[in-house]
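Biologist: Please show me the model. I would like to go through the terms used for it one by one.

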Amino acid sequence: TQTVRIPAPPTKVYEALVTARLHAAFTGADATGRAQVGGRFTAWDGYISGVHRELVPAQRIVQEWQTTEWPDGAPPSRVEFTLATVSGGTSLRMVHSGVPADQADALRQGWIDFYWTPLAAYFVKTRT
């Protein structure tokens with residue numbers, strides 16, 4: 001579980017997380033997919049793949065999610081994002097469950113290094 005503050009409104013943070021073009025813009029890596037329930041997506045040049053299970057614009061995202069390093073036959077994990085308006089932007093709470101135990105530490109740091117830091121920087125850079 002991680003909670004971060006992103007300097008943009010929830011609508012913009014939501015769109016950046018589920019829209020392939022915007023996801024690629026803030027990560028700097030290819031992303032594919034459509035923002036619809038049941039829609040498949042990839043991120044980080046195909047390293048991550050998953051399915052959108054619940055989408056409530058500007059409020060909640062639930063995904064099945066795995067990486068190319070998942071053990072053979074391991075089920076996908078579950079990622080839940082909850083977004084709320086706070087002073088100066090969005091409070092984003094992420095709960096990532098069902099992660100293979102040997103990958104938990106790397107993924108914990110990976111969310112910070114490859115999502116929260118570049119996402120915040122993207123919105124600082126794109127402010128008008």
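Biologist: Why are H2 and H3 called roughly perpendicular to each other?

Modeller: This is a predicted model, where local features need pLDDT of at least 70, side-chain atom pairs count only at pLDDT 80 or more, and totals for chains, interfaces and linings use all residues. Residues are numbered from 1 along each chain as its sequence is written, and side-chain values use heavy atoms, with hydrogens and water left out. H2 and H3 pack at an angle of about 95 degrees, with their axes 8 Å apart. Angles of 65 to 115 degrees count as roughly perpendicular, so H2 and H3 are roughly perpendicular to each other.

Biologist: Which residues in H2 and H3 meet?

Modeller: Contact means heavy atoms within 4.5 Å. Leu22, His23, Ala25, Phe26 and Thr27 in H2 meet Phe114, Tyr115, Pro118, Leu119 and Tyr122 in H3. The residues of this contact of H2 with H3 divide into 8 nonpolar, 2 polar and no charged.

Biologist: What makes a space a cavity?

Modeller: On a 1 Å grid over the protein atoms alone, a cavity is a set of points where a 1.4 Å probe fits but cannot get out. The structure holds 1 cavity of 30 Å³ or more, and about 130 Å³ of space lies in the largest cavity.

Biologist: Which residues lie nearest the centre of the largest cavity?

Modeller: Lining residues have an atom within 4 Å of a point. The largest cavity is lined by 18 residues, and Leu17, His23, Phe41, Ala43 and Gln63 lie nearest its centre. S3 gives the most to this lining, with 3 residues.

Key: 1 Å grid on protein atoms, 1.4 Å probe; cavity = no way out; pocket = protein on both sides within 12 Å on 5 of 7 lines; lining within 4 Å. Points joined across faces, edges and corners; volume = space filled by probe spheres on them. Helix = DSSP H or I, 4+ residues; strand = E, 2+ residues; numbered from the N terminus. Axes fitted to C-alpha atoms, helices over the stretch in contact; angles between N-to-C directions. Parallel < 35°, antiparallel > 145°, perpendicular 65-115°, else oblique. Nonpolar A, V, L, I, M, F, W, Y, C, P; charged D, E, K, R; others polar.
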